[in-house]
Amino acid sequence: MSSTGLPSSTSPKLLGFANHNHRQCVANALKEADQYCLNYRHRFTHVRRRTLGILLESHSAMGAYELLERLNKEALGSKPPVAYRALSFLIDHGFVHRIEKLNAYIACSHPGLEHDPAFLICKECGVIGETPVMVSAGKLAKTARQSGFEIHAFTQQGRIRANS
Ligand SMILES: [Zn+2]
Ligand SMILES: [Zn+2]
């Protein structure tokens, strides 16, 4: 996995908002995670893999309890630590972000790429586009820093034009 620069094949469109082969999108993301865990000798347990798989189903965020319900239905565990432990592994390794504002989790659209989690959230349908930009290197962050404010994550609400 490269940690700098955009791969040349990356479309400039945000996955969540763009028409794309989502089945392929999910398959690729899981394959990348498999490879990463293999390379770095991390145990990609069934619970961890399913947690990522469930979050990858849609380009929107899911709360921990909804996730736990899903894991429970698949007999992977019913106690909150099961979900939280899997989530914390996936967050630590850059496969999932927690969107604090929504108190929910989303699969990263750019794993392996150096980026700040920056999300554009559609108020109508909840679909989220994750941008690959470095908000911390931009003008907004600079202005904020000059006022003594450090941006940790960026969320912006709006509406997918096709929804209105
Ligand atoms: Zn997709
Ligand atoms: Zn990300």
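Two residues are in contact if their C-beta atoms, placed from the backbone, lie within 7 Å. This is a predicted model: local features need pLDDT of at least 70, side-chain atom pairs count only at pLDDT 80 or more, and totals for chains, interfaces and linings use all residues. Residues are numbered from 1 along each chain as its sequence is written.

**Exercise 1.** List the elements of the protein from the N terminus on.

*Solution.* Start with the definition: helices (H or I, at least four residues) and strands (E, at least two) are DSSP runs, numbered from the N terminus. The protein has five helices and five strands. They run α-α-α-α-β-β-β-β-α-β.

**Exercise 2.** Find the buried residues of helix 2 and what covers them.

*Solution.* Apply the cut-off: a residue is buried if 20 or more other C-beta atoms lie within 10 Å of its own. In helix 2 (residues 46-56), this picks out R48, T51, L52, I54, L55 and L56. Next, the cover. It includes helix 1 (22-39), helix 3 (64-73) and helix 4 (80-92). Strand 1 (96-99) and strand 2 (104-107) also contribute.

**Exercise 3.** Work out the strand order of the open three-stranded sheet.

*Solution.* Strands pair if DSSP finds at least two bridges between them. The order is 4-3-5, with mixed pairing. Strand 4 (128-131) and strand 5 (154-158) are the edges, each pairing on one side only. From one strand to the next, the twist averages 20°. Strand 3 (residues 118-122) pairs with strand 5 in the parallel sense, over five bridges. There, F119 stands opposite T155 in strand 5.

Conventions
Chains lettered and ligands numbered in written order. Axes fitted to C-alpha atoms, helices over the stretch in contact; angles between N-to-C directions. Buried ≥ 20, exposed ≤ 12 C-beta atoms within 10 Å, placed from the backbone.
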